[in-house]
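Trainee: I am new to this kind of reading, and I would like to learn how to go through a structure feature by feature. Could we look at one together?

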Amino acid sequence: MMNARGQEREQVEVGPSTPFGEPAVSQQEAARQAVDAMVEAGLLDKVLAQFPILKDMTHRLGGTLSGGEQQMLTIARALMGNPDLLVLDEPTEGLSPVIVAELRELIVSLKRMETTILLSEQNIRFALTVTDRVFIIDKGHIVYTGTVDDFKHETDLQKKYLSV
């Protein structure tokens, strides 16, 4: 299978299905098979290298993690699919400043690895430190597009749309 960049990718199958569309294996077994396939492909080690805090928590259930840890787990899970595009919707919402700083480092690191990221974020200060381009959408229409540097000089636009 080829991705949008023309690179060959392996597809990870969760498990076979019965003719009636029901899984031939339990959900627990399907999850184990998926993790095994990701380990074989080297994806788990690659993703855990980006999230060292999660490496020590692989035995814990997701619901027992803090909000910041859950946000990192969500991003880590998305990266396990080796996506061509990572969509992050309000990733800093409800996070402590320490976790926001860690998230900033992670996004910058993903950009260095040429991961394409679409970020929707209310925290403009955070967004401007991790993005290359700015798009402002008002009532479903793009009313501004430009580089971060250009946007920083658009004070009237910032006041009108962002209450800055």
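Trainee: How many bridges join strand β1 to strand β2, and do the two run parallel or antiparallel?

Mentor: Before the answer, please note that this is a predicted model, in which local features need pLDDT of at least 70 and side-chain atom pairs count only at pLDDT 80 or more, while totals for chains, interfaces and linings use all residues. Residues are numbered from 1 along each chain as its sequence is written, and side-chain values use heavy atoms, with hydrogens and water left out. Two strands pair if DSSP finds at least two bridges between them, and here β1 (residues 85-89) and β2 (residues 116-120) are joined by five bridges and run parallel. Within this pair, Thr116 in β2 is the residue opposite Leu85.

Trainee: How are the helices and strands themselves defined, and how many of each does the protein have?

Mentor: Both are DSSP runs numbered from the N terminus, a helix being H or I over at least four residues and a strand being E over at least two. The protein has eight helices and four strands, and from the N terminus on their order is α-α-α-α-β-α-β-α-β-β-α-α.

Trainee: Which unit do β1, helix α5 and β2 make?

Mentor: A crossover is right-handed if, with the strands pointing away from the viewer, the path from the first strand over the helix to the second runs clockwise. In this structure β1, helix α5 (residues 97-112) and β2 make a right-handed β-α-β unit.

Trainee: How do β3 and β4 run, and what is the phi of Lys139?

Mentor: Strand β3 (residues 133-138) and strand β4 (residues 141-147) run antiparallel and are joined by six bridges, with Ile136 opposite Tyr144 in β4. Most residues other than glycine have a negative phi. Lys139, however, has a positive phi near 50°, and lies in the hairpin of β3 and β4, which has two residues between the strands. Lys139 is exposed, with a relative accessible area of 77%. Glu114, in the loop between α5 and β2, likewise has a positive phi, of about 65°.

Trainee: What is the volume of the largest pocket, and which residues are closest to its centre?

Mentor: On a 1 Å grid over the protein atoms alone, a pocket is an open set of points where a 1.4 Å probe fits, with protein on both sides within 12 Å along at least five of seven lines, and lining residues have an atom within 4 Å of a point. The largest pocket has a volume of about 830 Å³, a volume being the space filled by probe spheres set on the points, which are joined across faces, edges and corners. Of its 26 lining residues, Leu119, Thr131, Arg133, Val134 and Phe135 are the closest to its centre. Elements that each supply at least two lining residues include α5, β2 and β3.

Definitions and conventions:
Buried < 20%, exposed > 50% of the residue type's maximum accessible area, 1.4 Å probe, protein only.
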